[in-house]
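The stops below move from ring to ring and end at a charged residue.

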Amino acid sequence: MRQITLDQARRYALAAQGLDRPRPRGRLDVRHFRRVMGQLGLLQLDSVNAFSRAHYMPFFSRLGPYDRDALDRWLWTSREHFEYWGHEASVIPMAQWPNFRWRMTGEFGWKRVERMKRERPGYLENVLAQVREMGPLQVKDLHEPGERIKGEMWGWSDGKVALEALFHRGDVTVFDRRNFNRLYAVSEVVIPAHLRNGADPSPEEGQTELLESAARSLGVGTLEDLADYPRISNPEARPLVAGLVEEGRLIEVDVEGWGKTGYLHPEARLPRSVAGRALLSPFDNLVFCRPRVERLWDFHYRIEIYVPEAKRLYGYYVLPFLLDGELVARVDLKTDRKSGRLLVKGAWAEPGVDRTRVGRELVVELEEVAVWLGVFDVEFLQNGNLF
């Protein structure tokens, strides 16, 4: 079995994600967006907006300052993508739509839907008919959207539950977003006919393609890493990954210190060196699989949004800082849009790094991201060991 050092594994991973070189200079356009999406394979969405919407940051990390409105137009109106449950809620290249059909044919698996079917028979079908007749629409546009359940994080109204069930089933999809709220339409309005009307891959065929796509975006990873990327269970993924190896579409490798088989994509690029810096969203594709981050960089990273404030180790919205191929620090950020300030609530250096250099590079990065976000004052609070 081919041997790979840990340093090589890191370089494979960074090159696959487009984080192995300084960001481009000059005018940025859709061609740059396409290149980044091609590297990522999918883009995770999240509603938390304490610092920046999650889907904006991976593009900034790889491209630097760009027009966020232009990105949104491209993601939701170009029809080059669709929104679905990939790695959680995700924007995914349109060509992958058939490979997710196996997930769309499954039951929603949510008690609220089962209760709705019992207590409001025909409601789901009625909501679908409204989307077909009046869509694209938001929940509030339904004839009987219902009321949210107070005091519950996911206390969706019946209308929202119905639309999400239909979305999961593939009957409706996201036409656009307004203030980050989904605008729903029947799938035939968004998904091209040749994808909807073609023969669906079997679940195994679709999952196989998703696992190879994951390997391409990861460069090298374990079975668990590959399966996590599109959220396929390990038992389902195991024989499919073995099949990819047999076909020569993956290469088994022994990565230093991993203690388990790694899988290298045959087209993975190994740069001679890695340069550049980037703040990484907690939902960035490089770091959203936390065990892989720890295995590659010995960087223990968890998001603490749902941890009570008194029990947080680092803060509410903490971003790793990548510098020349190493995860060298983490920083807790909040954008105070009213006062026009980027608040650096805390910054921590990793053990053994040159704090002076890391601090200097991080300040430059923070000043650049602040201007991009439309705030022009970076305020450092005295918390952490970096400043």
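Across the whole structure, a search finds 16 aromatic pairs, where rings of Phe, Tyr and Trp (for Trp, its six-membered ring) pair if their centres lie within 6.5 Å, and planes under 30 degrees apart count as stacked, over 60 as edge-to-face and the rest as tilted. Select Tyr84 and Phe100, an edge-to-face pair with 6.1 Å from centre to centre and 75° between the planes. This pair links distant parts of the chain, 16 residues apart, with Tyr84 in strand β3 (residues 81-86) and Phe100 in the loop between β4 (88-93) and α5 (101-104); helices (H or I, at least four residues) and strands (E, at least two) are DSSP runs, numbered from the N terminus. Tyr84 is buried, at a relative accessible area of 2%, and Phe100 is buried too, at 1%, given that buried means under 20% relative accessible area, exposed over 50%, and partly exposed in between (1.4 Å probe, protein chains only).

Before going on, note that this is a predicted model, in which local features need pLDDT of at least 70 and side-chain atom pairs count only at pLDDT 80 or more, while totals for chains, interfaces and linings use all residues. Residues are numbered from 1 along each chain as its sequence is written, and side-chain values use heavy atoms, with hydrogens and water left out.

Next, select Phe380 and Phe387, which form an edge-to-face pair at 4.9 Å centre to centre with 65° between the planes. Phe380 is partly exposed at 28% relative accessibility, and Phe387 is likewise partly exposed, at 41%.

Lys160 lies over the face of Trp156, at 5.2 Å from the ring centre.

Finally, return to strand β3 and select Glu83, which is buried at 2% relative accessibility. Which side chains make polar contacts with the side chain of Glu83? Arg177 does so at 2.5 Å, and Arg182 at 2.8 Å, a polar contact being a pair of N or O atoms within 3.5 Å, of which, within protein, one must be able to donate a hydrogen and the other to accept it, and residues adjacent in sequence count only if both atoms are side-chain atoms.

Note on methods: A charge sits over a ring if NZ of Lys or CZ of Arg is within 6 Å of the ring centre and within 35 degrees of the ring normal.
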